Amino acid sequence: MIWKSLGHSDLSVGGKPVLIRSLLLCTELGDFHRYRVCSEAGKPAWARLAKDGSGKIGALVTGPYSEMLKIPSRKEIQPHLFVPLDSLSKRVQKKLLIPLNYELYEEENTLVAREIADEPYYLASRTSSVFHYPGCKRAHEVISGNRIYFKTRNEALENGYRPHKICNP
Ligand SMILES: [Zn+2]
């Protein structure tokens, strides 16, 4: 996975943004509440994978195109929020994690991911002609004896593999 540094913090972001409308956040009383989130102008927010300096992967939530993020019921406006993965719905988590070779673990009751290999790679099966991102469900189904790895997308294409339509590597 290719990570891009944000410059002003120790965070770097990766993958494509996924639109979100709500986030599960801790309240002042310590319980969890689902809050509506949007841009200052009321558009859906963006969630992207983000990695902090210690390698912990969560999601960076911003307004679209880095607009300010608003939580209307808390009357809060801020540039971004770095949240654990379980602040997002299962559907959004899955979408975000597709390009990543990762393992999940719990830390202080929150769900975080860690990258297993820093280098990007793609995976294909000896018995088919498509290649995948390592986080694709189909990639997980390829039995280990049949796995072929490619470091780059071009390497996979040159070997006659085409991108899987669902994970779209
Ligand atoms: Zn796939």
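Where is the place of Phe-150? Phe-150 sits in strand β15. Strands here are DSSP runs of E with at least two residues, helices are runs of H or I with at least four, and both are numbered from the N terminus. We will come back to this residue after a walk through the chain.

This is a predicted model: local features need pLDDT of at least 70, side-chain atom pairs count only at pLDDT 80 or more, and totals for chains, interfaces and linings use all residues. Residues are numbered from 1 along each chain as its sequence is written.

Start with the whole chain. The protein chain has three helices and 16 strands. Its C-alpha atoms fill a box of roughly 55 × 30 × 25 Å along the principal axes. Of its 169 residues, 29% are buried. A residue is buried if 20 or more other C-beta atoms lie within 10 Å of its own, exposed if 12 or fewer, and partly exposed in between, with C-beta atoms placed from the backbone.

The chain is divided into domain 1 (3-115) and domain 2 (122-163). These bounds come from an automatic or database domain assignment. Taken over C-alpha atoms, the two domain centres are separated by 29 Å. Six residues of domain 1 are in contact with four residues of domain 2. Contact means that the C-beta atoms of two residues, placed from the backbone, lie within 7 Å. On the domain 1 side, the touching residues are five nonpolar, one polar and no charged. Here Ala, Val, Leu, Ile, Met, Phe, Trp, Tyr, Cys and Pro count as nonpolar, Asp, Glu, Lys and Arg as charged, and the others, Gly among them, as polar.

Now look inside. The largest nonpolar core has 34 residues. Such a core is a set of buried Ala, Val, Leu, Ile, Met, Phe, Trp, Tyr and Cys residues joined through C-beta atoms within 7 Å. The residues with the most contacts inside this core are Ile-20, Ala-45, Ala-47, Ala-59 and Val-61. Elements giving two or more residues to the core include β2 (12-20), α1 (90-97) and β13. Strand β6 gives the largest share, five residues. Each of domain 1 and domain 2 supplies at least three residues to this core. Val-61 touches, among others, Ile-20, Ala-45, Trp-46 and Ala-47, not counting residues up to four places away in sequence.

Move on to a sheet. Four strands form an open sheet in the order β15-β13-β14-β16, with mixed pairing. Strands pair if DSSP finds at least two bridges between them. The edge strands are β15 and β16 (162-163), each pairing on one side only. Strand β13 (residues 122-125) runs antiparallel to β15 (residues 147-150), joined by four bridges. Leu-123 has Tyr-149 as its bridge partner in β15. Two bridges join β13 to β14 (residues 130-132), again antiparallel. There, Ala-124 is partnered by Phe-131. A hairpin of four residues links β13 to β14. Strands β14 and β16 pair in the parallel sense over two bridges. Phe-131 stands opposite Pro-163 in β16.

Back to Phe-150. Why does Phe-150 count as partly exposed? Because Phe-150 has 19 C-beta neighbours inside 10 Å. Leaving aside neighbours within four places in sequence, Phe-150 is in contact with Tyr-121, Tyr-122, Ala-124, Phe-131, Glu-155 and Ala-156. Ser-128 is 22 residues from Phe-150 along the chain, and their C-alpha atoms are separated by 15 Å.
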